[in-house]
Amino acid sequence: MSQAAPASPTHDLRTTAYPPAFAEGARNAVETCLRIEPQEKVTVITDEACLPIAASLAAELDRVGCRWRSFVLEDIAARPLTGMPAEVLDDMESSEVSIFAVQVQPNELRSRMQMTDVVNRRHMRHAHMVNITPEIMQQGMRADFIAVDALSTRVIEKARAAKVVRATTAAGTDITAKMDSSYKWLKTSGIISREKWGNLPGGEIFTSPGEVNGTFVVDGVVGDYLCARYGILKAQPLTIEIAGNRITACSSENGQLRDEFWEYTHRDPNSDRVGEFAIGTNIGLSALIGNILQDEKFPGIHIAFGDPYGSHTGAPWTSTTHIDVVGQRFNIWLDDEQIMQEGKFLLGQ
């Protein structure tokens with residue numbers, strides 16, 4: 001149940017200023033990624049931190065000529081959210097498309113899951129722009145998503161045929177994932193369809209694995225609110241030991257990071273279970289920036305502990321949590337075929 005709205009002014013995206021440099025990324029989102037048509041209706045969900053970004057998206061929606069309605073979360077509910085406000089969910093019931101451009105706060109995952117429940121049930125095209133920043137609008141959102149989609153298609157075709165995926169890094173990662181043929185691989189390349197909503201910027205393929213074993217060294221980033229708190233972990237990586245799909249141990253010179261990650265991944269019986277196994281495919285990215293929204297698309301492997309997105313992957317279990325971990329400079333084999341060496345695809349991009 002959502003909270004009563006606090007006393008705050010109503011924000012108007014049409015009168016909110018934004019840097020002209022946002023326009024290219026916003027147009028990419030509206031035209032290329034979501035392919036919004038004039039006859040469609042769009043629900044835009046944002047917050048005070050992302051107002052200029054949302055305003056740039058609204059300007060592109062106006063240019064297309066579609067109907068849209070926006071909600072600034074601080075205008076209608078207290079933060080952190082305990083649930084997605086009912087007026088947002090109600091508006092989504094009459095929209096073909098939704099855009100979520102918000103700086104998330106701790107313990108708001110439940111509200112986002114309520115939103116994506118509507119997206120999944122109605123098969124909406126949904127752009128998930130969690131923790132979107134000006135830097136991402138001017139980098140990752142300017143990617144050539146047609147090229148990213150073409151590469152993603154080649155990678156997913158090979159992944160769907162593989163029984164085992166192995167990944168190593170010089171930092172110490174060495175994991176083996178046995179695939180479950182009853183679970184689906186999905187592509188979220190930035191070209192968003194009714195089949196599966198996607199993060200923007202896009203560029204990944206993912207599934208829920210059958211079983212993962214080994215060591216994963218997080219010298220990139222961890223997800224959710226821990227990403228903003230700890231940034232890129234190259235100097236103090238987090239090492240995660242995995243056996244039978246479950247976390248068995250964590251270690252890091254940063255004891256606070258280790259303890260917070262351990263607490264996050266032990267909130268329910270499946271929080272410590274590998275729910276997602278993914279390969280980043282956004283070849284337009286040149287380096288990690290310390291933001292999970294973009295960094296999980298960086299070419300390489302990332303996995304997530306917690307909810308397996310079962311409505312899409314087919315995994316029959318659930319969790320109330322989901323947190324990604326990202327490494328760097330991977331070597332990847334699909335069965336016996338090496339598809340990546342030191343972070344570079346070997347597929348003739």
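Is Tyr 225 buried or exposed, and what is its relative accessible area? In this predicted model, Tyr 225 is buried, with a relative accessible area of 13%, a value that falls under the 20% limit used for that label.

**Confidence**

The mean pLDDT of the protein is 95, and 97% of the residues reach 70 or more. Residues 1–8 have a pLDDT below 50, although this stretch has 26 contacts in the model beyond near neighbours in sequence.

**Nonpolar cores**

The largest nonpolar core has 44 residues, and those with the most contacts inside it are Ile 240, Phe 261, Phe 277, Ile 301 and Phe 305. Helix α7, which covers residues 145–161, supplies the largest share of this core with four residues. Apart from this core lies another one, of 35 residues, which includes Phe 22, Leu 51, Val 64 and Leu 293.

Phe 261 gives a view of the contacts around one of the residues named for the largest core. When residues up to four places away in sequence are not counted, Phe 261 touches Val 222, Leu 226, Leu 238, Ile 240, Ile 247, Cys 250, Phe 305, Ile 323 and Val 325. Two of these partners, Ile 240 and Phe 305, are themselves named among the residues with the most contacts inside the core.

**Aromatic pairs and a charge over rings**

The count of aromatic pairs comes to five. In one of them, Phe 216 and Phe 330 are tilted, with 6.0 Å from centre to centre and 45° between the planes. Phe 216 lies in strand β10 (residues 211–218) and Phe 330 in strand β16 (residues 330–334), so this pair ties together parts that are 114 residues apart in sequence. Phe 216 is buried with a relative accessible area of 0%, and Phe 330 is likewise buried, at 0%.

Tyr 225 and Tyr 264 form another tilted pair, at 6.0 Å centre to centre and with 55° between the planes. Here too distant parts of the chain are linked, since Tyr 225 belongs to helix α8 (residues 225–230) and Tyr 264 to helix α9 (residues 255–264), 39 residues apart. Tyr 225, the residue of the opening question, is buried at 13%, and Tyr 264 also counts as buried, at 2% relative accessibility.

Elsewhere, ring pairs link Trp 197, Phe 206 and Tyr 309 into a cluster. The charged end of Lys 196 sits over the ring of Trp 197, 3.4 Å from its centre, and that charged end also sits over the ring of Tyr 309, at 5.4 Å from the centre.

**The surroundings of Thr 169**

Thr 169 is buried, with a relative accessible area of 9%. Leaving aside neighbours within four places in sequence, Thr 169 is in contact with Gln 328, Arg 329 and Phe 330.

**Salt bridges**

The count of salt bridges comes to 24, and the table gives examples.

| Side chains | Distance, N to O |
|---|---|
| Arg 27 and Glu 60 | 2.9 Å |
| Glu 74 and Arg 79 | 3.0 Å |
| Glu 342 and Arg 329 | 2.8 Å |

The bridge between Arg 27 and Glu 60 links distant parts of the chain, with Arg 27 in helix α1 (residues 23–33) and Glu 60 in helix α2 (residues 51–64), 33 residues apart. Arg 27 is partly exposed, with a relative accessible area of 36%, whereas Glu 60 is buried, at 4%. Both residues belong to a network of salt bridges in which Arg 27, Glu 31, Glu 60 and Arg 63 are linked.

In the bridge between Glu 74 and Arg 79, both residues are buried. The bridge between Glu 342 and Arg 329 joins two loops, with Glu 342 in the loop between β17 (337–341) and β18 (344–345) and Arg 329 in the loop between β15 (322–326) and β16, 13 residues apart. Glu 342 counts as partly exposed at 31% relative accessibility, and Arg 329 as partly exposed at 49%. Arg 329 is also one of the residues in contact with Thr 169.

Key. Residues are numbered from 1 along each chain as its sequence is written. This is a predicted model: local features need pLDDT of at least 70, side-chain atom pairs count only at pLDDT 80 or more; totals for chains, interfaces and linings use all residues. Side-chain values use heavy atoms; hydrogens and water are left out. A nonpolar core is a set of buried Ala, Val, Leu, Ile, Met, Phe, Trp, Tyr and Cys residues joined through side-chain atoms within 4.5 Å. Buried means under 20% relative accessible area, exposed over 50%, partly exposed in between (1.4 Å probe, protein chains only). Contact means heavy atoms within 4.5 Å. Rings of Phe, Tyr and Trp (its six-membered ring) pair if their centres lie within 6.5 Å; planes under 30 degrees apart count as stacked, over 60 as edge-to-face and the rest as tilted. A charge sits over a ring if NZ of Lys or CZ of Arg is within 6 Å of the ring centre and within 35 degrees of the ring normal. A salt bridge is a side-chain nitrogen of Lys or Arg within 4 Å of a carboxyl oxygen of Asp or Glu. pLDDT is the predictor's confidence in each residue, from 0 to 100.
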